[in-house]
Amino acid sequence: LTASPEQFYAEARERFEAAGARAGVVEKRFRVAERLLRLRFAGHALEDQLTAAIEHLATLDGGAPDLTVCLFDRATTGAGLRAGWDASAFGPRGEITGFNTERYRTAFQQGADVFLMLDRQRSEAVYWVADAARVPYWERSFPLRTAFHWWFEDLPLQPVHAAAVGFAEGGVLITGPSGCGKSTTALACLSSGLLYAGDDYVLVANAPSPHVYCLYCNAKLEPDNLARFPGVRAHVDNPDRLDREKALIFLRSWLPGKLCAGFPLRAIVTPRVTGRRDTSLIHAGALEAVRALAPTTLLHLLGGERKAFAKIAGLVCQLPCYILEVGTDLAQIPVRITELLR
Amino acid sequence: LPSSKFTATARFSVASPNIVWQAFDEESVAINLESGVYYSFNPAGALIWRLVEGGASPAEAAALVLESGAPPEALDQILGFCEKLLEESLLAPAANGTAPQTAPVETPLPWAPPTVSIYTDMQDLFLLDPIHDVDEAGWPSRPAGAA
């Protein structure tokens with residue numbers, strides 16, 4: 001290894017400042033679960049890619065940020081970053097051996113090819129990619145997911161792989177791995193009075209009482225599913241890439257009034273697609289909800305798994321859990337969820 | 001322990017730091033973060049897991065459970081369950097055996113044999129190819145043509 005975590009972080013920060021000096025620094029602020037996030041972009045390339053999904057959280061609050069992330073890419077700023085490790089330093093999930101200490105969290109997110117390093121002491125992180133133009137659509141749909149996970153490690157907050165719909169006074173968390181029907185369930189509810197807080201990753205609080213915050217203002221649908229939601233096709237953000245990507249839809253474009261900041265959680269529901277016409281809710285044990293929520297979340301999010309697991313457990317144990325047997329008549333889904341909440 | 005490969009004092013610990021677990025009500029879920037496989041234990045399984053992970057040998061765990069009201073056949077069931085945990089690489093022989101738990105346990109009754117359910121549905125979704133090569137700047141490189 002060529003450097004200690006301290007040295008590497010300092011060098012990455014210097015590279016960011018150099019990139020910013022060349023391309024200009026763009027600063028954006030966001031309010032996340034009553035905390036202030038400051039993003040400093042070197043140039044506009046990553047800003048364009050990463051802020052659309054969190055635009056609803058934007059704030060003009062000029063106070064001291066709780067977390068600052070410095071983001072840059074090599075292609076548009078010329079600022080490269082030398083890793084200096086050999087292949088064996090990368091763990092199976094992208095964690096970088098020797099660079100995850102009490103103070104630092106460090107990973108290379110394979111697939112999105114994002115290098116992310118958090119200095120917990122300074123509450124500051126560096127986010128680097130080789131080329132902003134190659135940021136995949138899924139990273140655009142849940143930007144900074146791992147940064148949020150690390151940021152909230154010691155707080156009763158946890159990003160989880162789940163959807164959420166509800167009313168201002170209370171709603172449901174919809175859990176399950178990819179393909180289980182989370183998005184279909186959540187989007188089917190938009191034809192009713194229910195509000196939307198996310199269909200893929202949301203932020204949950206397990207204390208002082210269960211609550212969900214909307215992190216991302218978009219939805220993702222399998223292209224084959226678009227026909228089930230009248231009018232949505234005109235609002236797909238990536239219509240020319242549906243042969244290889246899920247359809248990405250921003251709620252501000254499609255149904256701006258449906259997006260909400262979050263709500264208290266009243267129940268957890270796990271969809272199960274049945275193929276039958278009707279939709280019904282049946283009681284389930286906590287274990288069912290945990291199986292639907294914990295593995296998929298913990299396998300996505302790197303580091304701090306024990307704390308995250310305990311937070312998920314703390315949440316699940318406070319809420320009634322249900323299986324939502326999802327039928328083909330989508331109109332029944334919001335009816336069943338509304339009955340549950342009323 | 002004629003029907004088992006365990007000695008009376010053979011102790012075990014969780015096989016890898018990549019295995020995390022959590023109790024819910026009386027049951028438990030364990031996740032192997034490296035393989036993507038996850039497991040759920042029924043109440044008896046969760047109890048045995050907790051005892052053995054806490055330092056009891058499988059035989060000592062069985063003795064505690066038998067003392068608390070489980071039927072005699074529980075002995076073989078518990079030892080078989082522990083063998084399954086070894087086969088699944090959830091447990092591994094402990095380098096240094098720790099002190100066993102001696103406090104009485106509360107066995108869920110009526111007795112049902114300990115079981116572990118194994119779930120592999122996450123494996124295909126999450127496991128990426130291990131990183132074999134890095135480029136000249138030290139970052140993982142993709143094979144030509146890879147997305």
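In this predicted model, six residue pairs, both members at pLDDT 80 or more, are in polar contact between chain B and chain A. On the chain B side, the elements β2 (19-24), β3 (27-32), β4 (38-41) and α4 (123-126) each supply at least two of the residues that touch chain A, and the residues of that side divide into 20 nonpolar, seven polar and eight charged.

The contact draws 35 residues from chain B and 34 residues from chain A, and the two chains bury about 3,200 Å² between them, of which 70% is on carbon and sulfur atoms. Within chain B, the residues that lose the most area to chain A are B:Phe24, B:Leu33 and B:Trp139, which together account for 23% of what that side buries.

| Cis bond | Omega | Loop holding the proline |
|---|---|---|
| A:Ala207 and A:Pro208 | about 0° | between β10 (201-205) and β11 (211-213) of chain A |
| B:Leu109 and B:Pro110 | about 0° | between β5 (91-93) and β6 (116-119) of chain B |

In chain A, A:Asp113, although not a glycine, has a positive phi of about 60° and is found in the loop between β4 (104-109) and β5 (114-119). A:Ser123, likewise not a glycine, has a positive phi of about 50° and lies in the loop between β5 and β6 (124-129) of chain A; A:Ser123 counts as partly exposed because its relative accessibility is 30%, which falls between the cut-offs of 20% and 50%.

How values were computed
Residues numbered from 1 in each chain as written. Chains lettered and ligands numbered in written order. Predicted model: local features only at pLDDT ≥ 70, side-chain atom pairs only at ≥ 80, totals over all residues. Heavy atoms only, no water. Contact = heavy atoms within 4.5 Å. Buried area = accessible area lost by both parts, 1.4 Å probe. Polar contact = N/O pair within 3.5 Å; in protein donor to acceptor, adjacent residues only side chain to side chain. Helix = DSSP H or I, 4+ residues; strand = E, 2+ residues; numbered from the N terminus. Nonpolar A, V, L, I, M, F, W, Y, C, P; charged D, E, K, R; others polar. Buried < 20%, exposed > 50% of the residue type's maximum accessible area, 1.4 Å probe, protein only.
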